Amino acid sequence: MKWVEVIVSFILTLSFLSFPSCGFQSDELLVDDEEFGLEGAPQHRSPEPIPTRSPPVTSPTRKRHSDLDSDSKIQFSLDHAFGDSDFSPAGTFSARLKTWSHGGQNLLESDDFYRIRLPSNVLSPPGRDFIISSVKARCLPRESLDEHFVIHMEGVNVLAVNYGSPGSCPYPRNLKLPAKWSFSSHTVLKNSEQAPRAPVFTEEILGGENAEGEVVQPAERSFWAKYWMYLIPLGLIVMNAITQAMNMPEEQATGQVPAQGQPSAGAVQRGPSSAVRRR
Amino acid sequence: MAIRSFFLFILFFSSSLSPVFSLYEDQVGLMDWHQQYIGKVKQAVFSSQRAGRKRVVVSTEENVIASLDLRHGEIFWRHLLGADDVIDGIDIGLGKYVITLSSGGSILRSWNLPDGQMVWESSLQGPKHSKSFLLVPTNLKFDKDNVLVVFSNGRLHAISCIDGEVLWKKDFEAESFEVQQVIQPPGSDLIYVVGFAASYQFEMYQINAKNGELLKHESASFSSGFSGEVSLVSTETVVALDSTGSILLTISFQDGKISSQQTPISNLVEDSLGPAVIIPSSVSGIFAIKTDAVTVFIRVIGEGKLEVVEKTTHEIAVSDALSISEDQQAFALIQHASSEIHLTVKLAHDWDGNLLKESVKMDWQRGLVHKVFINNYIRTDRSYGFRVLIVMEDHSLLLLQQGEIVWSREDGLASIIDVTTSELPVERNGVSVAKVEHNLFEWLKGHMLKLKGTLMLASPEDMAAIQSMRLKSSEKSKMTRDHNGFRKLLIVLTRAGKLFALHTGDGRIVWSHLLRSLHKSEACQSPIGLNLYQWQVPHHHAMDENPSVLVVSRCGPSSDTPGVLSFVDTYTGKELSSLSLDHAVVQVIPLPYTDSTEQRLHLLINADKHAHLYPKTSEALSIFKREFLNIYWYSVEDQNGIIKGHALKCKCTGEVADEFCFDTRDLWSVVFPSESEKIVATVTRKLNEVVHTQAKVVADQDVMYKYISRNLLFVATVAPKGSGEIGSVTPEESWLVAYLIDTVTGRILHRVTHHGSQGPVHAVFSENWVVYHYFNLRAHRYEMSVIEIYDQSRADNKDVWKLVLGKHNLTSPISLFSRPEVITKSQSYFFTHSLKAIAVTSTAKGITSKQLLLGTIGDQVLALDKRFLDPRRTVNPTQAEKEEGIIPLTDSLPIIPQSYVTHALRVEGLRGIITVPAKLESTTLVFAHGVDLFFTQLAPSRTYDSLTEDFSYALLLITIVALVAAIFVTWRLSERKELQEKWR
């Protein structure tokens, strides 16, 4: 269980780094994939480059931090390279003191890759191999050099680091020099998600008959609700039939009425044709 | 947009009306064809039965046992053993059982010769691994029971031929003993087991065949050691080579006494070059050795004296001995001469006299003769006749008799490595085309027959005529391009290094070509074909060129041996050119750029991570320079568990200036922890896949944008412990992690763990989704999962006003260096079958809904609608979702028997499924290959854009004529009536 503690404390350090001047630190963020430096909260962001290599001092977590200091192994170094140059240390991860001023401008002009690397194992760096990530240099400059890390972890191992600008980097990358040649970092730690389980419908299979019965019962509606569309026309027909039956005796009484009606209808129909003939 | 979504809706609707793809009985064979093969023959045994049909039983490198008709080469029956059940030996026992020894000598089976039913199976264990031998002595009896002698795993068994029971067994446990031969001299009750111990000691065991008792054990040591195989020259003499390959050792063990003689090869052959090897054969008195250039036949005369009988520089193949009478043995010898092969049959003791000498014309495309099997028969004039079965370099099997090829089988097609397709020539006046229709009368007659069929007036004879007419339709096998794009050439590369072009209409071989570059040569010892790529696909401005394919191969099994490229014209099958590279080929990247002759640019990565550009023309270089900064690729190191991304850097900085060579650099890497994850599957999208629309309209008038990137990689890793067989680990120590990785920046876009799951993982990637299949140890069932990935950065483009005013980002270029805003949806389902392959249908425009094609363990192809694997399925879909076509969620995927694409057929040994879009949007072409080949057309949403093939045009015509006539008649009638009215 020792390493779990180490991890927790390691995560904590990381979170401190990204919030160097922030007093309050929520523990909840550690387990979530939330960002530590949200863009929606600019007042939290440090306008200055992250000041020191030493861990930031915050009162609620100081004690844990001193624990962490005693175990210096979990601090890993961050190396960077300009284009094709070799990797040079950029400081431990906790503090990026190095600035870009000595090679950055050339890099921005040529829009080459800015590469970083991390050890793949935080307990015994560099682990099996270094984890490399890179971004086109012109993606980084904003006010200062804004960078965004997503570190994918598996136990003490770092699987991959996604490095880039915190926002978008639209394609025609224009040359823009930052106001400050220092980094402001945002870091997210990610662990693997659990896959959703395949749905299991065993309950239904076990009590199949009951379940079916239950399904049928709510479907049972009143007779009227089910058959109203048949009943209404039926009713109309019946009513019609009744009125017809009521009229019947009257018709019999005045037998000539329908006989008169027919020729009159015929006259109406023939009307236009006679008109044609007259033309 | 609205029209599109409406169209999609119609599609969904129509597909939901007919969710099942199925076939009527009389449609079998109309669109599909099926071909059965067996693979390269390893061993052949002729059935010596007097009565009944002549047959030959063969075992092959594809682990097939088959009984073939000796007259026509057809398959009577065939069994495909498992991939790890390699056949070591076959024979015929008692004239009616086929005996097979397989799995490194641990499984012995007996099959009934006439029908191929299995009679018995016994499992043979032993103390250690060894060579295995199967002997079927003709006269060794044991209580009226014929006995099989099997040596396997360091143990000698005598097994009853009737029921497979082990009668006795004898262990050879000496640590270093390596068995070389097991001999049972006919007419005696002895078995000799000879072999080497500690590589310099010759050991001979004499065993009583009745009870397995060890009668004698002798050994003799030879300081010079041994190398290679031994050749048996008589029942009590073997010939071996010493460790330098320059001295022949003739060892005889008559009466249990070992005596030996050493003869340097240089004494026999003056100009011997380099070390020799013995060609394994079993002709008594004669053996053959082969040096680099020469093959020498040597006769053993009496007490270990050797005499050279023939020396030849031709390629040669020798058969085993065939005893034709009590004391006479015959064997066949095949020699190559320019375009012919010479077959000679000789008696073993009489080298100079030939029983038979024939010359047969042989197609160069078949290469060299690899194996010869001889069989005799009695001619009409009561003399002996001989027929030989030969296995060629291209794995084809031929029967020669009376100087002719009686039949041939193209069994190279049983081992396909890679498949690509090519269009056929456009129909033009100059192009010779199979005649279209015979004449108008025939055409009309055909349609009248069809009409009769439709109106159910046809007699059974008419029905048969209609059916045969449909099957033989000349339309489908023409050699020109058709309007619907159904006719294509399937270009396949086989393991033998031969290219075949198969016509999709009827599966016939249009041309075949044994690649010269894959021929064994001094520079290239054991060339292996790797992949096929489309090199040149002419359209637009290069219409007159023939299309060509690129065959990439390398000179040996390891990946750092130099590569060979060859370019083959797909219309003619001619090898246009071939290049022997000075660098290895680790990875081939077809680039999405073509030059003015439509040649595709390819980037070849070698073992030192240098990139080489092909074709090597200045035009290609200038195109490449333009896109220099936009080329990214990745490499997967399975063994280390590392995935790396690369980009180009600059020109090679070597001593030789090569402007087509580039240095590369690593941009990103993902290192999987070796103690918890092991890569088992990596899948990307097909390069040529077409996606119709990025937007997906969901139920409540909402739009989701698919995250469509060509640079997505699906990776599946499992716990190293769980990479073995299913059930070898507990659910707690096994897990499977699925990743979606962007291959330009190395970002992990999605990562999900399935606890208690295990490989093997089969996956397919298409559009914005990936479907993968694995085993769930907790549920004890196979499972399939789907992950769909959607782009959130475009999700707010729903407002119509934004679209009207142009305030949307739909047309802005996407850069992968931006932080992606994606969401994923996933769901898992149980599935009954285990899989051998998985593919997805692809159509020309990508409009038609997709089906997954699953190669099941039963060697069939099952089509499953993608809608069953939709992560938005819920138990109770709303009305709107139902209208959209969402199926209520179930825990397992249905297997609908009608949706087997292969209907009643089986594609034995299924290895791969390839889908090719036709020009007709609704239709896709499916080619499944394994030991068998199967091809069909598939319409996942029915053929909504064309009339079916059996549509009755005559009925339509008659209806139209009748309608027109009716119009005229009624017109006349109404006119007359009107006139009468007017006159009234």
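Guide: Helices and strands here are DSSP runs, numbered from the N terminus, with at least four residues (H or I) for a helix and at least two (E) for a strand. The model is predicted. Most residues other than glycine have a negative phi, and most peptide bonds are trans.

With that numbering, B:Lys609 falls in the loop between β45 (600-605) and β46 of chain B. B:Lys609 is not a glycine, yet its phi is positive, at about 60°. Its relative accessible area is 30%, and B:Lys609 therefore counts as partly exposed, since that class lies between the limits of 20% and 50%.

Strand β46 covers residues 610-614, and the loop between β46 and α5 (618-626) of chain B holds B:Pro615. The peptide bond that leads from B:Tyr614 into B:Pro615 is cis, its omega being near -5°.

A cis bond also joins B:Gly759 to B:Pro760, here with omega near 0°. B:Pro760 is placed in a strand, β56 of chain B, which spans residues 757-766.

The remaining site is a matter of phi again. B:Arg382, a residue other than glycine, has a positive phi near 65°. The loop that contains B:Arg382 runs between β32 (369-378) and β33 (384-392) of chain B. B:Arg382 has a relative accessible area of 74%; because this is over 50%, B:Arg382 is classed as exposed.

Definitions and conventions: Residues are numbered from 1 along each chain as its sequence is written. Chains are lettered from A and ligands numbered from 1 in the order in which they are written. This is a predicted model: local features need pLDDT of at least 70, side-chain atom pairs count only at pLDDT 80 or more; totals for chains, interfaces and linings use all residues. Side-chain values use heavy atoms; hydrogens and water are left out. Buried means under 20% relative accessible area, exposed over 50%, partly exposed in between (1.4 Å probe, protein chains only).
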